[in-house]
Amino acid sequence: MTNSAIGEIYNQQADTYAGYAENRFAWQYLEQPAFDHYVSDFYKSNTHVLDIGCGNGLVARHFVERGVLPQNIMGIDPSSGQLALARQATPGANFVESSAESFDVEPESLDLVVTNTVLHHLDNDQLEAMLARIYVTLKPGGVYFFVDIDPDQSAESFDPKRVNTWKDVATPWGTQVPFFNRQPGALLDALNRHGFDMVAGAPLSIAPEALLEDQVQYEHYDSRPSRMAARFQKIPTMKKIPRYYDVHIPNLIQSPEEEIKATLVDDYFKAWNKQSLQLISQIFSTDAIYDEKPGEREALRGLESIQQYWQENPVAQQNIRTDYHIIGHSPDKAVWARFSAAFIARNKPDVVQGYIKFEIDATTKKIRRLTEWFEHV
Ligand SMILES: C[S@@+](CC[C@H](N)C(=O)[O-])C[C@H]1O[C@@H](n2cnc3c(N)ncnc32)[C@H](O)[C@@H]1O
């Protein structure tokens with residue numbers, strides 16, 4: 001979808017959308033609470049925010065009402081009609097006719113970039129271009145936050161014939177808009193490849209007080225997945241971790257095979273927490289390779305050498321607490337986990353964080369190779 005085409009679609013709908021958006025039920029009871037939950041730490045006068053696909057400026061106004069100075073807010077949108085309404089609603093903020101994939105902002109000048117129900121209007125090329133621009137314009141450690149339509153609400157999102165295609169959908173304000181069918185896994189994958197780490201996110205539930213406002217609307221939004229939100233952090237050191245780029249995050253449907261892998265990953269962390277040689281021998285295949293800090297340290301080959309390494313643990317780890325989540329699967333079906341671990345090493349507290357790639361032997365259902373990248377925090 002070209003920007004002039006989508007701009008024209010929203011120009012034609014600007015007034016209808018504005019009438020609807022003003023007291024938009026989903027904004028009031030799903031999206032706005034998500035902003036308050038996930039990014040309220042940015043409700044400060046000096047936060048520099050970019051709102052991509054700002055429409056008539058609902059989100060910009062929200063930030064101003066919560067203390068951000070209007071001059072620190074920029075909204076961009078390809079629809080001049082929507083921008084005109086945004087300028088009226090939030091004087092002092094900068095509203096610029098531009099697009100997600102080509103906006104022009106000083107590098108490393110923004111604390112926060114947000115998109116509210118915009119991602120589904122971007123195809124994959126536009127998404128990639130936007131993420132590359134967001135990465136450049138965010139300050140180190142800056143945050144990208146999105147709220148969008150939850151693809152789980154439609155089985156079509158997972159239909160291989162429909163994935164990565166456009167469709168027209170009916171809007172709650174009585175029009176049609178183009179919608180790009182993208183799996184959530186593909187979205188997360190793109191974010192990871194562009195150097196963003198998900199720090200929080202979830203499918204959103206409608207706020208309970210919405211029931212008092214309008215039972216019919218409440219039941220509509222309560223009856224099916226409707227919106228999802230996630231907060232991502234720009235990771236300056238991401239480029240140091242080459243394996244991160246080949247991760248593919250699958251959709252949310254778990255296959256029995258993935259469950260076996262997830263159990264092995266879980267058992268590995270249990271073994272680590274307990275420093276259990278017995279668990280280690282149950283989950284690694286006899287010819288397993290254990291590769292910590294590839295290129296910096298010689299990989300251990302074979303179960304016996306892994307056990308010996310654990311037995312003579314070089315850092316005498318005690319009081320270990322690990323935390324991990326599986327971030328995805330690479331095309332070779334390996335499982336990737338992100339982890340952090342706190343422990344006592346040589347009588348001093350230490351914290352490490354990084355990534356582990358688990359390659360599983362499909363026949364024995366054991367770990368064949370473990371590669372671990374980490375750094376001390
Ligand atoms: C559903 S509206 C949401 C508007 C606003 N974020 C809100 O929450 O009220 C989607 C907006 O995305 C904008 N949009 C669509 N394609 C875009 C693109 N390539 N770049 C920037 N904005 C785009 C549309 O013009 C429209 O204003």
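**Labels and the values behind them**

Q: Leaving aside neighbours within four places in sequence, which residues is Tyr 144 in contact with?
A: This is a predicted model. In it, Tyr 144 is in contact with Val 113, Ile 134, Leu 138, Phe 196 and Phe 232. A contact requires C-beta atoms within 7 Å.

Q: What makes Tyr 144 stand out in the largest nonpolar core?
A: That core has 63 residues, and Leu 112, Val 113 and Tyr 144 touch the most other members. Helix H2, residues 25–38, gives the most to this core, with seven residues. A second, separate core has 21 residues, including Phe 284, Phe 343, Ile 356 and Ile 367. In soluble globular proteins, nonpolar side chains tend to be buried together.

Q: Why is Asp 36 called exposed?
A: Asp 36 has 12, so Asp 36 counts as exposed. Asp 36 is found in helix H2. Its C-alpha atom is separated by 9.8 Å from that of His 62, 26 residues apart along the chain.

Q: Why does Trp 166 count as partly exposed?
A: Exposed means 12 or fewer C-beta neighbours and buried means 20 or more, with partly exposed in between. Trp 166 has 14 inside 10 Å, so Trp 166 counts as partly exposed. Trp 166 has its place in strand S6. The C-alpha atoms of Trp 166 and His 120 are separated by 9.4 Å, and the two residues are 46 apart along the chain.

Q: What is the phi of Glu 108, and why is Glu 108 called exposed?
A: Glu 108 has a positive phi of about 50° although it is not a glycine. Glu 108 is found in the loop between strand S3 (94–97) and strand S4 (110–116).

Q: Is Asn 164 buried or exposed, and how do you know?
A: Asn 164 has 12 C-beta neighbours inside 10 Å, so Asn 164 counts as exposed. Asn 164 lies in the loop between strand S5 (138–149) and strand S6 (166–170). Its phi is near 65°, a positive value in a residue other than glycine.

Q: Why do the buried residues of H9 line one face of the helix?
A: The buried residues of H9 are Lys 261, Val 265, Tyr 268 and Trp 272. Seen down the axis of H9, they fall within an arc of 55°, so they line one face. The face turned away from that buried side carries the exposed residues Pro 256, Glu 259, Thr 263 and Lys 274. Just after H9, Gln 275 takes a positive phi of about 50°.

Q: How many residues surround the ligand, and which are the closest?
A: There are 22 residues around the ligand. The closest are Gly 53, Gly 55, Ala 100, Asn 116 and His 121. The elements that give two or more residues to this shell are helix H1 (3–22) and helix H3 (58–65). H1 gives the most, with four residues.

Q: What makes up the shell around the ligand, by class?
A: The shell has eleven nonpolar, ten polar and one charged residues. Gly counts as polar here.

Q: How many helices and strands does the chain have, and what share of its residues is buried?
A: The chain comes to eleven helices and 15 strands. Buried residues make up 35% of its 377 residues. Among contacts with a separation of 6 or more, 67% join residues 24 or more positions apart.

How values were computed: Residues are numbered from 1 along each chain as its sequence is written. This is a predicted model: local features need pLDDT of at least 70, side-chain atom pairs count only at pLDDT 80 or more; totals for chains, interfaces and linings use all residues. A residue is near a molecule or strand if its C-beta atom, placed from the backbone, lies within 6 Å of it. The arc is that of the directions from the helix axis to the C-beta atoms. A nonpolar core is a set of buried Ala, Val, Leu, Ile, Met, Phe, Trp, Tyr and Cys residues joined through C-beta atoms within 7 Å. Two residues are in contact if their C-beta atoms, placed from the backbone, lie within 7 Å.
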